[in-house]
Amino acid sequence: MPPDFSSSPSSQMNPSPSLPPQWAVVGAIVVASLGTVFAIWPWATSIALALMPFTLWMMLSPLAMYYFTVASFSALVVTFTMTKGTVQFTFRPYDIIIILSVFSYCLHRALGTLPRWRTTAVDLPALAFFILALTSLWWSHDVTRGLYELRNLIVILPFALVITPAILSSWERLSHFMWFIIIVGAINAAISIFAFYSYPEFLSQTLDTTHLYRLVLVFNDLSVAKRGHGFAHPLVTSIWLDLSILFGLAKVTIMKSRKKRNWSIVLTLFILCGHLSTMSKGAILSLVPTFSFLILMQRSWRRYAITCVLLFAFTLASCFVLVYSADLVKHLKILESQTSSSTEGSSTSDRLKWWKQSLAKLAETDYVGVGLGGVFQYLKPWGPHTHSIYVGVLAELGFPGLFLYLLIFALALGRIRRALSSRALTFEKRQTTLFIAAALINILFYGFVDMYYTEYLVWLLVGLALTCAQLVEDDERAQGGGMPPAD
């Protein structure tokens with residue numbers, strides 16, 4: 001008779017692994033649900049499943065998640081369109097990615113892998129500005145659009161003012177982030193030049209359409225005509241290229257190796273050529289006061305101020321001729337036509353109309369404003385926004401909103417001005433701080449002729465300025481305690 005091993009001590013100590021039957025039920029439900037969803041929306045389900053490992057990795061790496069989120073700010077070509085009656089609202093990838101980034105920060109903060117939030121003088125005005133925007137929904141002329149813009153504020157304020165200082169918590173990380181912006185700018189510049197010369201090919205492609213959503217890939221948009229652009233509108237691309245140019249110049253002034261410096265100059269000039277292909281007049285004009293600030297703040301540049309101005313003008317003219325050499329006269333006439341206020345349909349004449357219409361609505365509300373998101377419906381001809389940060393915030397939130405908005409920027413500039421006067425700064429750190437201040441000044445001037453006050457880039461630059469100021473304070477504290485400054 002064969003021996004019975006079922007009751008042996010080894011079999012009792014090491015039973016064969018088994019799963020409870022509940023797991024089988026849950027697994028069957030999950031598989032059945034995925035199969036049903038895949039049968040209804042095969043495209044969307046395939047993309048979601050393919051992106052799940054990548055999304056999980058991004059959530060576990062706060063630095064990678066932050067970089068990916070910032071890179072998505074300049075990519076607007078993949079859109080999710082929601083329709084309510086005759087009105088369409090577009091949701092872009094960064095609308096979802098930035099929410100994931102906030103959740104990633106909360107997760108890592110709970111685990112203690114990111115530093116605590118440090119309050120600044122900007123926090124209370126930013127909170128008051130948000131409360132005013134939220135309250136204005138009570139009298140908003142377009143509550144639905146107002147809720148969309150409020151959603152933008154809800155995610156960008158913590159991302160810029162809390163997550164940015166926590167992620168870029170050292171000079172090394174801040175330096176790497178500047179290089180990241182330069183690389184993204186070079187990619188956008190290459191795409192812009194390709195878009196300019198490939199127009200009108202590669203217009204748009206609908207990837208998937210259901211009764212719930214529409215997934216569309218847009219590249220060369222007929223509504224913007226023959227202009228360079230990245231994966232976004234030419235105006236959005238141009239302001240990101242402004243930022244890349246400034247950070248590229250910062251690296252040029254810091255580098256000690258002549259070979260690396262020369263390559264950085266070439267890369268910056270290439271980004272400038274891509275910038276000029278967008279034909280964004282406001283972004284180029286905003287560089288003028290920005291470079292004036294840089295000349296004023298640097299003794300070596302101030303000594304040769306006239307030479308610097310002439311070199312700046314010559315560089316712009318040379319790059320413009322290089323980009324438009326195929327038909328220079330034609331594009332000069334287009335540029336002249338678009339900057340003329342007497343030309344019907346030009347960018348200048350349309351802006352003047354939008355500003356008059358917005359301020360007229362402000363006066364009709366006894367200068368209280370039409371509420372968050374309320375001004376869009378009054379813009380004739382149609383426009384995505386007022387094309388002026390200050391007119392937009394004044395028309396929608398009144399003078400209190402404009403005061404709080406300017407106060408936030410004044411406090412951020414005050415913090416970075418104090419940082420620039422610190423004795424704890426080395427030359428490299430001072431140049432980094434100076435060019436971040438220049439980027440903030442650049443967006444302030446560009447805001448006169450374009451953008452909307454809930455756009456992510458505006459608040460991101462405020463966060464970068466505050467981050468830089470905090471790093472300088474850390475260096476001062478370290479030196480005061482007899483320790484070397486942080487790297």
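Phe-291 is buried at 13% relative accessibility, where buried denotes under 20% relative accessible area, exposed over 50% and partly exposed the range in between (1.4 Å probe, protein chains only). The structure is a predicted model, in which local features require pLDDT of at least 70 and side-chain atom pairs pLDDT 80 or more, whereas totals for chains, interfaces and linings use all residues. Residues are numbered from 1 along each chain as its sequence is written, and side-chain values use heavy atoms, with hydrogens and water left out.

Across the whole structure, 23 aromatic pairs were found. Rings of Phe, Tyr and Trp (its six-membered ring) are paired if their centres lie within 6.5 Å; planes under 30 degrees apart are classed as stacked, over 60 as edge-to-face and the rest as tilted. Phe-129 and Tyr-405 form a tilted pair, with 5.9 Å from centre to centre and 50° between the planes. This pair links distant parts of the chain, 276 residues apart, since Phe-129 belongs to helix H6 (residues 123-135) and Tyr-405 to helix H16 (residues 389-420). Helices (H or I, at least four residues) are DSSP runs numbered from the N terminus. Phe-129 is buried, its relative accessible area being 0%, and Tyr-405 is likewise buried at 1%.

The rings of Phe-291 and Phe-312 also pair; because their planes stand at 40°, with centres 4.6 Å apart, the arrangement is tilted. Phe-291 is located in helix H11 (residues 281-297) and Phe-312 in helix H13 (residues 305-323), so the pair ties together parts 21 residues apart in sequence. Phe-312 is partly exposed, at 21% relative accessibility.

Ring pairs join a cluster that includes Phe-129, Phe-376, Tyr-405 and Trp-459. Phe-376 has Arg-145 over its face, 3.7 Å from the ring centre. In a further contact, the charged end of Lys-361 is placed over the ring of Tyr-378, at 4.2 Å from the centre. A charge is taken to sit over a ring if NZ of Lys or CZ of Arg is within 6 Å of the ring centre and within 35 degrees of the ring normal.

Met-65, in helix H4 (residues 62-72), is buried at 3% relative accessibility. Leu-111, by contrast, is exposed, with a relative accessible area of 59%, and lies in helix H5 (residues 93-111).

Methods
Helix = DSSP H or I, 4+ residues; strand = E, 2+ residues; numbered from the N terminus.
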